[in-house]
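The sequence and structure follow, and the points after them are grouped by topic.

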Amino acid sequence: MKFKCLLLLSWLWAAAGDDDVLPAKVRIRRASVVADNTKATAAQLHSIIDLPGCKDLQNYCTHLKSTDNLAMLECALSFSSSQLEALPDDCQHALWLQQRQLQLNSWVEHTFLPSYCADEQTKLLTCLNSVDLWSCLEDKRQQLPQSSGCQQQLRRAYTSLGQDYASIGDFYAACGGQVEQLKCGRMNVEHLPSMLSQLGTAQCLVAHASQSTMDINCKVAINSIEQQRGMLELFRVCSGDLTALCPQERAGSANSYKCLVRHKNDPALSSQCAAQITLRDQQMGKDYRVSHGLAKACKDDIKLHHCRRGVSEDKQVRLAQILLCLESVSKNGTKLAPECLVELDDHRRMLMTDFQLSPELLSDCADDIPKFCPDEHKSQLVNGLSSSGGEIIHCLMYHVRARRPQRRVTAQCQRGLETLIKASDAGEDWRVDPVLRRACKKVVDVACKDVEGGEARVMSCLLEHIGTTAMRPECEQALLIIEYFVARDFKLDPQLYKHCRDDAVKYCRAKHQWDDIQDVQMDPERGPMILPCLHRMAYSEDEHHTLRKDCFREVKRVMRQRAISVDLIPEVEDYCLLDLSQFCGELTEKGSEMECLQNRLEKLQPECKAVVTKYTEEEAANIEMNPVIMATCSEAMQKHCSEILNAGKDGGNMMDCLISHKNDADLNKGCRAAIEHFQIISLKSYHFTTKFKEACRPHVLRFCGASATKNEVVACLSEVMRNDTIRAQRHQIPKECRQQVKSQLYQQRESISLDPKLANVCKNELKQFCSDQNGPGQALECLIQKTPRLGKNCHHAIFMIKRSELGDSGTDYTLINTCKEMIYKFCPNTESMQLLNCLKTYKDDPTFDQRCHLVVVNRMIEQNTDFRFNPTLQSACGKNIDRYCSNIVIQSQPNEELNGKVIKCLKEKFRQSKLDDKCAQEMIKILQEQALNYKLNPVLQHFCKSEIQELCKKYMDADEHGQVEECLKAAFLRKQLINRECQLEVATLIAEAKADIHVDPILEMACTVDLLRYCGNVASGNARKLDCLRRLLRESPKSLEPDCRDKLQKRIEMFRNADDTLALPLEDMGQLVQQVVASPARKFFLVILMSATGLVFLTGIFLGRATKRAMGLKNK
């Protein structure tokens, strides 16, 4: 009884899905087929009870009053299974023909109605034109009186048809002719429901008919019967399991089968039931029609959208093909029937649960499964299970990502997995994959609980939480395995595909359709990458070739999410497997693999190096592609760079903004470290700094073709810029590039790590002198202060840095940051390269910051050690240096300070009034500065070091008003200077003041009033103003201010002593002539010389006459 009940329920379930078993064209052709066979059938069918094989009917049907064929059929339908089975085949065939005749319009019209319903025939004939003949007749019967014989006969005939006569009618239409030909009609011995009632007939056809000649529609009908038989067997075997595991489901329903599938790996499921489910899954994978729920729910959509793709009805169509087709329809914007969507979702989950639902996976990965997944494979063999909830699929996918070739699955297996992921659309819904669902449920419940499901929103949320405390390792691993495949086909990201399909077709040669069954290699997705193409278009400067806003947003999101792992960047990973295996095998942190490749860029294989270089360029231009910075610097970007963040397009501006705020107090250490790491990476190539690359690329190619690293390029361009400045010629490098070069130099000065060459040559000095200088710019400043104690190589490197910094103040990190407020206050409109000159002007202002003052003075001291540190001096005095001081430059060591020798040379020529006006004015500025601060005069410091310490010690620490120099001059006047070199240097200082009073700021300050009052109209230079004061001192000393008069008198006395000290012995007549000509008393010397010459002439005349007289007397 229980089994019969189960059969009945199975019949109810099967009946719900039988309408889709045969194609519509079979039902359309049914009337014509029936009409064609009517006469033949009538001729063949005789009285059943008279047939030799049906003698048993006489014994079993004696209770019937009538012995007509309908009565015999009615009697036979009441037989038990054993009684039916005992009937000979020819008798069963005759009964089958009679049952079939009941559905023939011609038999009803010409035989049944005239025999049993002659009086009612007129009313009943109208049913011959109805869609369902017996449904119409049944309605008419119920209107007839109960006593009517016609009413009783109609009831008998309708009962003999059976409730499933409609589906059987389809079978009759498809296979009736061949059944009659082969006499294969069989009764329903086992009393099976629906189409299964024709199981015996179908088996006979399969046994006796030739497959090549069998009608295609008949093959389809037979296949459907076999499928239903398998399902019936499954429910028979699983009846106990269904009651225990799925008590809420009705036996035989589609949901009851799905429930059993969900419990396939449940230990409580019997092995026999599991085996039946596995067999059913394998059949379903080969032919989607095995799944009656899918076939029925999606019947119209499959037909409408040609999902069979021209495959004949008798051929099997893989489940994956149907799913891909329906998903393509849905993705392309066409709505599917709601019940079809439900079935589609259920079958996607089934695909990811059982790899045996994918026949191509079974064959393509046959060798890979036991090789890479032995534990899961063993479980399958021992327990008879197809997998353990998708573990075999995940195991295979894990080995697609393996770094070493010997640990990777075959390419054939990888293609099969790609097809599976696409067919299941696992990237769209995290719940489709059972492994991912189990691993990430807790993460979703916490981190993504408010995210609306569908269209990969939860998947996107999970990706955003990688690297956070909410993420779990098992969830991250399962998620990245799925995303590995999604990253290789942009169509598998629903949001990206939805918003970017049109742009991808327009710009990137993507296909119009979501799925293309002929495109097994998924080109161009597996060829030219769609996402990189979209990313390039996102930042295109061509207004006519840009992405739509929604697409632009999605591209940014996907690129940001992909950056967490090289696995998700196929354009890099596919070319770098060997390098990843060799250098980065143990790295698993977010973004660490890409950093590893970037750090070892020089060691990578050529192809890998090329793609990593390209990716790094894009990463520099788009901060969202740097997962470490995105994770650690989000607050900094919101606070300091919100305008760039809101603008959408980056173009390298975000990185520049973060670099400018790198040392702000509110920036966390992680963000600061991430920024500096990228700065270090960018040193490998100037292409890794977007703004620099865009501004300077043509000029790099022109001037710096041999430069390899970014620092070499920057140094090269900086040299070109410096030379243009010194020569006062038009810059060969445009302003945009010059600004970028300055920006790079500025960054180098901030941290030694950003100048690897300097860090290498000065590593010993850094360790010895500057080990505790870890702040921004401190290490470099320490090395500069220790210049005299540096080794040769380090000294040369520091020389080049000082030359660059002092040549352009905009690259001086310490000056810019220490004097930020003073620059804003005193030099807001000054060009960056002239900031030092501007700050010099205001350094003595009472409100000037002392820290900035100290830096400015130190820079002035450095400038005076070498003329090459002073571009203004070089520009003003270049010709004079070449003319008078070239021998000093020639004899000097390259990249070493001249310690003021060239400036001393120029001072000497200044004293002699031989310099050009422009150069002389520049020298006056230098001499003024040196007069106020002795530290700016390296020669004086060197020769008078001991004298300064002994005689002027009290002025040393706070001297910037000329006290030390005044002290030395006073000591010179008192003859306290013993060292001959110091005497000469101080005498030189005094003599320089004779050339121009501006060189002596103390005297000039004391005599300011008198200069304005009496010498205002006197031109500067050549000691004219000083001569004016001296004349006043001689003619009207009381007219001068007392302080001026006192200092002037001392200066005159110093001048005399200095002249005596500087009056060296003459070595030849040329020096004598030169000294006389240069002397202010040259007229006096000329008078004396002429007088002496005249005296000698007169003496000669007198002595000549006396000699002549003496000779005459002698001769006499």
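Which hand does the link of Cys641 and Cys657 have about the S-S bond? The link is left-handed, with -90 degrees about that bond. The model is a predicted one, in which local features need pLDDT of at least 70 and side-chain atom pairs count only at pLDDT 80 or more, while totals for chains, interfaces and linings use all residues. Residues are numbered from 1 along each chain as its sequence is written, and side-chain values use heavy atoms, with hydrogens and water left out.

**Overall architecture**

- The secondary structure of the protein consists of 65 helices and 0 strands; helices (H or I, at least four residues) and strands (E, at least two) are DSSP runs, numbered from the N terminus.
- Of the 1116 residues in the protein, 53% are buried. Buried means under 20% relative accessible area and exposed means over 50%, with partly exposed in between (1.4 Å probe, protein chains only).
- Among contacts with a separation of 6 or more, 65% are between residues 24 or more positions apart; contact means heavy atoms within 4.5 Å.

**Disulfides**

- The whole structure contains 32 disulfides, a disulfide being a pair of cysteine sulfur atoms within 2.5 Å.
- One of them joins Cys641 and Cys657, with the sulfur atoms 2.0 Å apart. This pair links distant parts of the chain, 16 residues apart: Cys641 is in the loop between helix H37 (634–640) and helix H38 (642–647), and Cys657 is in helix H39 (residues 653–660).
- Cys641 is buried because its relative accessible area is 2%, and Cys657 counts as buried because its relative accessibility is 10%.
- Cys770 and Cys782 also form a disulfide, with 2.0 Å between their sulfur atoms. The torsion about their S-S bond is about -85 degrees, so this disulfide is left-handed. The pair links distant parts of the chain, 12 residues apart, with Cys770 in the loop between helix H45 (763–769) and helix H46 (778–785) and Cys782 in helix H46.
- Both Cys770 and Cys782 are buried.
- A further disulfide is formed by Cys1015 and Cys1028, whose sulfur atoms are 2.0 Å apart. Their link is left-handed, with -85 degrees about the S-S bond. Cys1015 lies in the loop between helix H61 (1008–1014) and helix H62 (1024–1035) and Cys1028 lies in helix H62, so the pair ties together parts that are 13 residues apart in sequence.
- Cys1015 is buried because its relative accessible area is 0%; Cys1028 counts as buried because its relative accessibility is 4%.

**Cavities**

- Rolling a probe the size of a water molecule over the atoms shows where empty space is left.
- The structure has 13 cavities of 30 Å³ or more. On a 1 Å grid over the protein atoms alone, a cavity is a set of points where a 1.4 Å probe fits but cannot get out, and lining residues have an atom within 4 Å of a point.
- The largest cavity holds about 120 Å³ of space; a volume is the space filled by probe spheres set on the points, which are joined across faces, edges and corners.
- Residues lining the largest cavity include Leu463, Glu483, Phe490, Asp493, Gln561 and Arg562.
- Helix H28 (473–486) and H31 each supply at least two residues of this lining, and H31 gives the most, with 3 residues.
- By class, the lining of the largest cavity comprises 8 nonpolar, 1 polar and 3 charged residues. Ala, Val, Leu, Ile, Met, Phe, Trp, Tyr, Cys and Pro count as nonpolar, Asp, Glu, Lys and Arg as charged, and the others, Gly among them, as polar.

- Asp567 lies in the loop between helix H31 (549–562) and helix H32 (570–573).
- Asp567 counts as buried because its relative accessibility is 4%.
- The side chains of Asp567 and Arg401 make a polar contact at 2.5 Å. A polar contact is a pair of N or O atoms within 3.5 Å; within protein, one must be able to donate a hydrogen and the other to accept it, and residues adjacent in sequence count only if both atoms are side-chain atoms.
- Apart from neighbours within four places in sequence, Asp567 is in contact with Arg401, Arg403, Tyr484, Arg488, Glu573 and Glu593.

**Helix H15 and Ala728**

- The buried residues of helix H15 (residues 254–262) are Ser256, Tyr257, Lys258, Cys259, Leu260 and Val261. Their cover includes helix H13 (216–237), helix H14 (239–245), helix H16 (271–286) and helix H20 (338–353).
- Ala728 is in the loop between helix H42 (710–726) and helix H43 (735–750), and Ala728 counts as exposed because its relative accessibility is 62%.
- Ala728 and Ser875 are 147 residues apart in sequence, and their C-alpha atoms are 6.9 Å apart in space.

Terms used:
On a 1 Å grid over the protein atoms alone, a cavity is a set of points where a 1.4 Å probe fits but cannot get out, and a pocket is an open set with protein on both sides within 12 Å along at least five of seven lines; lining residues have an atom within 4 Å of a point.
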